[in-house]
Amino acid sequence: MRTIKCGDYHELSVKAAEILAGCVGEKADCILGLATGSTPVGLYQELIGLYQAGKLDFSRVRTVNLDEYVGLAPEHPQSYRYFMEGKLFRHINIAPENTHLPNGLSDDPEEEGRRYDRMIEALGGIDLQILGIGHNGHIGFNEPAEVFTPGTHAVELSESTIKANSRFFAAADEVPRRAITMGIGSIMRAKKILILVEGAAKAEILKAAFAGPVDPRVPASILQLHRDMTLIADKAALSCM
Ligand code: PGA
(Lines give C-alpha, C1' and ligand atoms only; values in the text may rest on other atoms or scores of the structure.)
Protein backbone atom coordinates (compact mmCIF):
# COMPACT_ATOMS: atom_id res chain seq x y z
CA MET A 1 0.00 0.00 0.00
CA ARG A 2 1.23 3.45 -0.92
CA THR A 3 0.22 6.42 1.26
CA ILE A 4 0.12 9.98 -0.03
CA LYS A 5 -0.17 12.46 2.82
CA CYS A 6 -1.78 15.75 1.89
CA GLY A 7 -1.92 19.05 3.74
CA ASP A 8 -5.58 19.62 3.07
CA TYR A 9 -8.65 18.56 1.10
CA HIS A 10 -7.75 20.66 -1.94
CA GLU A 11 -4.33 19.01 -2.25
CA LEU A 12 -5.95 15.59 -1.79
CA SER A 13 -8.40 16.32 -4.62
CA VAL A 14 -5.65 17.60 -6.94
CA LYS A 15 -3.44 14.55 -6.30
CA ALA A 16 -6.34 12.17 -6.89
CA ALA A 17 -7.21 13.97 -10.13
CA GLU A 18 -3.58 13.67 -11.30
CA ILE A 19 -3.65 9.92 -10.75
CA LEU A 20 -6.99 9.50 -12.49
CA ALA A 21 -5.88 11.72 -15.40
CA GLY A 22 -2.74 9.59 -15.67
CA CYS A 23 -4.90 6.50 -16.03
CA VAL A 24 -6.96 8.09 -18.82
CA GLY A 25 -3.74 9.36 -20.45
CA GLU A 26 -2.31 5.82 -20.57
CA LYS A 27 -5.52 4.20 -21.75
CA ALA A 28 -8.09 6.44 -23.42
CA ASP A 29 -10.84 3.82 -23.11
CA CYS A 30 -10.10 2.89 -19.51
CA ILE A 31 -12.76 1.69 -17.09
CA LEU A 32 -13.03 3.96 -14.05
CA GLY A 33 -14.79 2.79 -10.91
CA LEU A 34 -16.42 5.84 -9.31
CA ALA A 35 -17.82 6.62 -5.88
CA THR A 36 -20.38 9.00 -4.40
CA GLY A 37 -20.31 10.69 -0.97
CA SER A 38 -18.74 14.02 -0.02
CA THR A 39 -15.10 13.02 -0.29
CA PRO A 40 -14.74 12.59 -4.10
CA VAL A 41 -16.60 15.82 -4.93
CA GLY A 42 -13.34 17.84 -4.94
CA LEU A 43 -11.77 15.24 -7.24
CA TYR A 44 -14.70 15.55 -9.64
CA GLN A 45 -14.35 19.35 -9.64
CA GLU A 46 -10.67 19.00 -10.50
CA LEU A 47 -11.50 16.60 -13.35
CA ILE A 48 -14.05 19.07 -14.74
CA GLY A 49 -11.35 21.76 -14.58
CA LEU A 50 -8.87 19.56 -16.47
CA TYR A 51 -11.49 18.77 -19.10
CA GLN A 52 -12.39 22.45 -19.52
CA ALA A 53 -8.69 23.29 -19.89
CA GLY A 54 -8.47 20.76 -22.73
CA LYS A 55 -6.17 18.48 -20.72
CA LEU A 56 -8.49 15.51 -20.29
CA ASP A 57 -10.70 13.73 -22.80
CA PHE A 58 -13.45 11.41 -21.55
CA SER A 59 -14.86 10.58 -24.99
CA ARG A 60 -13.80 6.91 -24.79
CA VAL A 61 -13.80 6.46 -21.00
CA ARG A 62 -16.29 4.04 -19.42
CA THR A 63 -17.39 4.36 -15.80
CA VAL A 64 -18.98 1.99 -13.30
CA ASN A 65 -20.22 3.27 -9.97
CA LEU A 66 -20.02 1.40 -6.70
CA ASP A 67 -23.61 1.50 -5.61
CA GLU A 68 -27.18 2.78 -5.87
CA TYR A 69 -30.14 2.96 -3.50
CA VAL A 70 -32.92 0.44 -4.03
CA GLY A 71 -36.18 2.15 -4.97
CA LEU A 72 -34.84 5.51 -6.15
CA ALA A 73 -35.35 6.45 -9.81
CA PRO A 74 -32.43 8.06 -11.70
CA GLU A 75 -34.30 11.40 -11.57
CA HIS A 76 -34.61 11.29 -7.77
CA PRO A 77 -32.36 14.05 -6.39
CA GLN A 78 -30.87 11.67 -3.80
CA SER A 79 -30.18 8.85 -6.23
CA TYR A 80 -26.54 8.21 -6.97
CA ARG A 81 -27.24 8.47 -10.72
CA TYR A 82 -28.51 12.02 -10.12
CA PHE A 83 -25.46 12.78 -7.96
CA MET A 84 -23.02 11.60 -10.64
CA GLU A 85 -24.82 13.53 -13.40
CA GLY A 86 -24.73 16.74 -11.36
CA LYS A 87 -21.22 16.42 -9.93
CA LEU A 88 -19.41 15.08 -12.97
CA PHE A 89 -21.04 13.51 -16.04
CA ARG A 90 -23.02 16.54 -17.21
CA HIS A 91 -19.87 18.69 -17.17
CA ILE A 92 -17.52 16.49 -19.20
CA ASN A 93 -17.55 14.85 -22.63
CA ILE A 94 -18.48 11.36 -21.46
CA ALA A 95 -21.04 9.44 -23.53
CA PRO A 96 -24.14 8.70 -21.42
CA GLU A 97 -24.13 5.07 -22.58
CA ASN A 98 -20.61 4.69 -21.17
CA THR A 99 -21.69 5.49 -17.60
CA HIS A 100 -23.04 2.65 -15.47
CA LEU A 101 -24.67 2.38 -12.06
CA PRO A 102 -26.67 -0.49 -10.60
CA ASN A 103 -30.37 -0.17 -11.47
CA GLY A 104 -32.04 0.75 -8.18
CA LEU A 105 -35.47 0.13 -9.72
CA SER A 106 -34.78 -3.49 -10.65
CA ASP A 107 -37.54 -5.91 -9.55
CA ASP A 108 -34.83 -8.35 -8.54
CA PRO A 109 -31.88 -6.52 -6.89
CA GLU A 110 -29.90 -9.76 -6.40
CA GLU A 111 -30.15 -10.59 -10.11
CA GLU A 112 -29.29 -6.97 -10.89
CA GLY A 113 -26.12 -7.46 -8.84
CA ARG A 114 -25.14 -10.52 -10.86
CA ARG A 115 -25.87 -8.67 -14.11
CA TYR A 116 -23.71 -5.76 -12.93
CA ASP A 117 -20.70 -8.00 -12.25
CA ARG A 118 -21.10 -9.68 -15.64
CA MET A 119 -21.29 -6.25 -17.28
CA ILE A 120 -18.06 -5.10 -15.55
CA GLU A 121 -16.32 -8.26 -16.68
CA ALA A 122 -17.61 -7.84 -20.25
CA LEU A 123 -16.22 -4.29 -20.31
CA GLY A 124 -12.81 -5.72 -19.43
CA GLY A 125 -12.65 -5.06 -15.69
CA ILE A 126 -12.00 -1.91 -13.70
CA ASP A 127 -8.66 -0.20 -14.34
CA LEU A 128 -8.87 2.27 -11.44
CA GLN A 129 -11.40 2.17 -8.61
CA ILE A 130 -12.01 5.29 -6.50
CA LEU A 131 -13.21 4.65 -2.95
CA GLY A 132 -14.17 6.55 0.16
CA ILE A 133 -14.56 4.97 3.59
CA GLY A 134 -17.59 5.17 5.87
CA HIS A 135 -17.29 5.96 9.56
CA ASN A 136 -18.02 2.27 10.21
CA GLY A 137 -15.35 1.14 7.73
CA HIS A 138 -17.69 0.39 4.87
CA ILE A 139 -16.54 0.59 1.24
CA GLY A 140 -19.35 1.04 -1.23
CA PHE A 141 -22.23 -0.17 0.90
CA ASN A 142 -20.39 -3.23 2.17
CA GLU A 143 -21.31 -2.83 5.81
CA PRO A 144 -19.49 -4.45 8.75
CA ALA A 145 -20.41 -8.16 8.79
CA GLU A 146 -19.19 -11.58 9.84
CA VAL A 147 -17.99 -12.41 6.31
CA PHE A 148 -16.91 -10.54 3.20
CA THR A 149 -19.52 -10.75 0.40
CA PRO A 150 -17.76 -11.25 -2.94
CA GLY A 151 -20.24 -10.23 -5.64
CA THR A 152 -22.45 -7.22 -6.28
CA HIS A 153 -25.50 -7.70 -4.09
CA ALA A 154 -28.44 -6.07 -2.31
CA VAL A 155 -27.75 -4.91 1.27
CA GLU A 156 -29.70 -3.67 4.25
CA LEU A 157 -28.04 -0.43 5.30
CA SER A 158 -26.80 -0.18 8.87
CA GLU A 159 -28.36 2.34 11.24
CA SER A 160 -25.08 4.31 11.34
CA THR A 161 -25.03 4.60 7.53
CA ILE A 162 -28.68 5.65 7.42
CA LYS A 163 -27.92 8.28 10.05
CA ALA A 164 -24.80 9.51 8.21
CA ASN A 165 -26.66 9.72 4.89
CA SER A 166 -29.75 11.37 6.37
CA ARG A 167 -27.92 14.69 5.99
CA PHE A 168 -28.80 14.53 2.28
CA PHE A 169 -32.52 13.82 2.91
CA ALA A 170 -35.29 15.90 4.51
CA ALA A 171 -35.64 13.29 7.29
CA ALA A 172 -33.92 10.06 8.35
CA ASP A 173 -37.04 8.03 7.53
CA GLU A 174 -36.72 9.07 3.87
CA VAL A 175 -33.32 7.35 3.54
CA PRO A 176 -33.81 4.08 1.65
CA ARG A 177 -33.18 1.01 3.80
CA ARG A 178 -31.61 -1.00 0.99
CA ALA A 179 -28.98 -0.51 -1.67
CA ILE A 180 -27.20 -2.49 -4.36
CA THR A 181 -23.45 -2.42 -3.92
CA MET A 182 -20.46 -3.84 -5.68
CA GLY A 183 -19.17 -6.66 -3.55
CA ILE A 184 -15.77 -6.93 -1.95
CA GLY A 185 -14.59 -9.26 -4.74
CA SER A 186 -15.91 -6.88 -7.42
CA ILE A 187 -13.87 -4.07 -5.81
CA MET A 188 -10.75 -6.18 -5.20
CA ARG A 189 -10.64 -7.26 -8.86
CA ALA A 190 -9.93 -3.64 -9.89
CA LYS A 191 -6.39 -3.37 -11.24
CA LYS A 192 -5.68 -0.27 -9.13
CA ILE A 193 -7.49 1.17 -6.13
CA LEU A 194 -7.36 4.74 -4.87
CA ILE A 195 -9.01 5.43 -1.52
CA LEU A 196 -9.61 9.03 -0.45
CA VAL A 197 -9.96 9.87 3.22
CA GLU A 198 -10.43 13.31 4.70
CA GLY A 199 -10.79 14.72 8.20
CA ALA A 200 -10.17 13.87 11.85
CA ALA A 201 -13.55 12.12 12.14
CA LYS A 202 -12.14 9.31 9.92
CA ALA A 203 -8.81 8.98 11.79
CA GLU A 204 -9.86 6.10 14.09
CA ILE A 205 -11.51 4.04 11.36
CA LEU A 206 -8.57 4.64 9.04
CA LYS A 207 -6.24 3.22 11.68
CA ALA A 208 -8.53 0.22 12.25
CA ALA A 209 -8.68 -0.43 8.50
CA PHE A 210 -5.00 -0.15 7.64
CA ALA A 211 -3.07 -0.70 10.87
CA GLY A 212 -5.24 -3.50 12.26
CA PRO A 213 -6.10 -7.04 11.13
CA VAL A 214 -8.06 -7.86 7.98
CA ASP A 215 -11.55 -8.32 9.39
CA PRO A 216 -15.00 -8.21 7.73
CA ARG A 217 -16.21 -6.15 10.67
CA VAL A 218 -14.01 -3.39 9.19
CA PRO A 219 -14.73 -3.99 5.49
CA ALA A 220 -12.04 -1.59 4.18
CA SER A 221 -9.35 -3.68 5.92
CA ILE A 222 -9.51 -6.13 2.98
CA LEU A 223 -7.76 -3.47 0.91
CA GLN A 224 -4.52 -4.31 2.75
CA LEU A 225 -4.43 -7.40 0.52
CA HIS A 226 -4.73 -5.51 -2.77
CA ARG A 227 -1.54 -5.39 -4.75
CA ASP A 228 -1.90 -1.87 -6.16
CA MET A 229 -3.61 0.24 -3.52
CA THR A 230 -3.00 3.91 -2.87
CA LEU A 231 -4.34 5.77 0.16
CA ILE A 232 -4.61 9.53 -0.26
CA ALA A 233 -5.45 11.21 3.01
CA ASP A 234 -5.06 14.54 4.70
CA LYS A 235 -3.01 15.08 7.87
CA ALA A 236 -6.09 15.00 10.11
CA ALA A 237 -7.25 11.62 8.80
CA LEU A 238 -3.74 10.19 9.23
CA SER A 239 -3.34 11.54 12.77
CA CYS A 240 -3.84 8.11 14.45
CA MET A 241 -1.64 6.08 12.05
P1 PGA B 1 -18.25 10.46 2.68
O2 PGA B 1 -18.77 8.97 2.54
O3 PGA B 1 -17.24 10.67 1.59
O4 PGA B 1 -19.48 11.28 2.47
O5 PGA B 1 -17.65 10.59 4.04
C6 PGA B 1 -17.86 7.93 2.45
C7 PGA B 1 -18.60 6.62 2.47
O8 PGA B 1 -19.61 6.49 3.18
O9 PGA B 1 -18.15 5.69 1.78
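## Ligand shell

In the classes used here, Ala, Val, Leu, Ile, Met, Phe, Trp, Tyr, Cys and Pro are nonpolar, Asp, Glu, Lys and Arg are charged, and the others, Gly among them, are polar. By these classes, the shell around the ligand comprises one nonpolar, six polar and two charged residues. Its members are Gly37, Ser38, Thr39, Gly132, Ile133, Gly134, His138, Arg167 and Lys202, where a residue is near a molecule if one of its heavy atoms lies within 4 Å of it.

The model is predicted: local features need pLDDT of at least 70, side-chain atom pairs count only at pLDDT 80 or more, and totals for chains, interfaces and linings use all residues. Residues are numbered from 1 along each chain as its sequence is written, and side-chain values use heavy atoms, with hydrogens and water left out.

## Distances to ligand oxygen

A polar side-chain atom of lysine 202 lies 2.7 Å from an oxygen atom of the ligand. For serine 38, a backbone N or O atom is 2.8 Å from a ligand oxygen atom. An N or O atom in the side chain of arginine 167 is 3.0 Å from an oxygen atom of the ligand.

Notes. A polar contact is a pair of N or O atoms within 3.5 Å; within protein, one must be able to donate a hydrogen and the other to accept it, and residues adjacent in sequence count only if both atoms are side-chain atoms.
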